[in-house]
Amino acid sequence: MIKVYGSPLCPDCMACKASLDAYSIPYEFTDITGSMKNLKEFLALRDTKEEYKEARQDHFVGIPTIIREDGSFTLDWEGFIRECGHEPLAKAAGQACRLDGTGC
C-alpha cells in the first residue's frame, strides 16, 4: 500500500485523496498537520532527500508526497494517478496554498 504525506489544509492534497478514493487505490494518509510525530517524520524526509531540493529552494512544503510500495516516492501526485491508468480529479477552482493563488 502507498503512503501519502499531506494535510487537509492543502487543496492539492485533498484533490490527490479524492482521486485515490475515486479510483479505489489503497493508501495510508499521514496528516502532517495532525500531530508533531507526523510532522517530524515528514520533515526528516523533506530536509534530507535530494528529491525535495527544488521544493526547498522554491519554499514549497513538498506535499502531497506519495511513497510507493518499493520505497520510491514522488511529489507529482497527478503523474502518479496517471501511472495508475487514471485521470486525476481537479481541485476546486480558485483553491491554492500559495498566497498569490497560483498553486501549492
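Which residues are linked with Lys3 in a network of salt bridges? Select Lys3, Lys37 and Glu41, because these are the members of that network, where a salt bridge puts a side-chain nitrogen of Lys or Arg within 4 Å of a carboxyl oxygen of Asp or Glu.

A word on what is on your screen: this is a predicted model, in which local features need pLDDT of at least 70 and side-chain atom pairs count only at pLDDT 80 or more, while totals for chains, interfaces and linings use all residues. Residues are numbered from 1 along each chain as its sequence is written, and side-chain values use heavy atoms, with hydrogens and water left out.

**Stop 1: the network**

Zoom in on Lys3 and Glu41, whose side chains form a salt bridge at 2.6 Å, N to O. Lys3 sits in strand S1 and Glu41 in helix H2 (residues 36–46), so this pair links distant parts of the chain, 38 residues apart. Helices (H or I, at least four residues) and strands (E, at least two) are DSSP runs, numbered from the N terminus. Glu41 is partly exposed, at 25% relative accessibility; the scale calls a residue buried under 20% relative accessible area, exposed over 50%, and partly exposed in between (1.4 Å probe, protein chains only).

**Stop 2: two further salt bridges**

The count by this rule is 5 salt bridges. Next, select Arg46 and Asp47, a pair with its closest N and O atoms 3.8 Å apart. Arg46 is buried at 13% relative accessibility, whereas Asp47 is partly exposed at 46%.

Now pick Glu83 and Arg68, where the closest N and O atoms are 3.1 Å apart. Glu83 belongs to helix H4 and Arg68 to the loop between strand S3 (65–67) and strand S4 (73–74), so their bridge ties together parts 15 residues apart in sequence. Glu83 is exposed at 53% relative accessibility, and Arg68 is partly exposed at 21%.

**Stop 3: the cores**

Select Ile2, Val4, Ala15, Cys16, Leu20, Ile25, Tyr27, Ile66, Trp77, Phe80 and Ile81, the 11 residues of the largest nonpolar core. Such a core is a set of buried Ala, Val, Leu, Ile, Met, Phe, Trp, Tyr and Cys residues joined through side-chain atoms within 4.5 Å. Strand S1 (2–6), helix H1 (11–22) and helix H4 (77–83) each give two or more residues to this core.

Finally, show a separate, second core of 10 residues, with Leu45, Tyr52, Ile63 and Ile67 among them.
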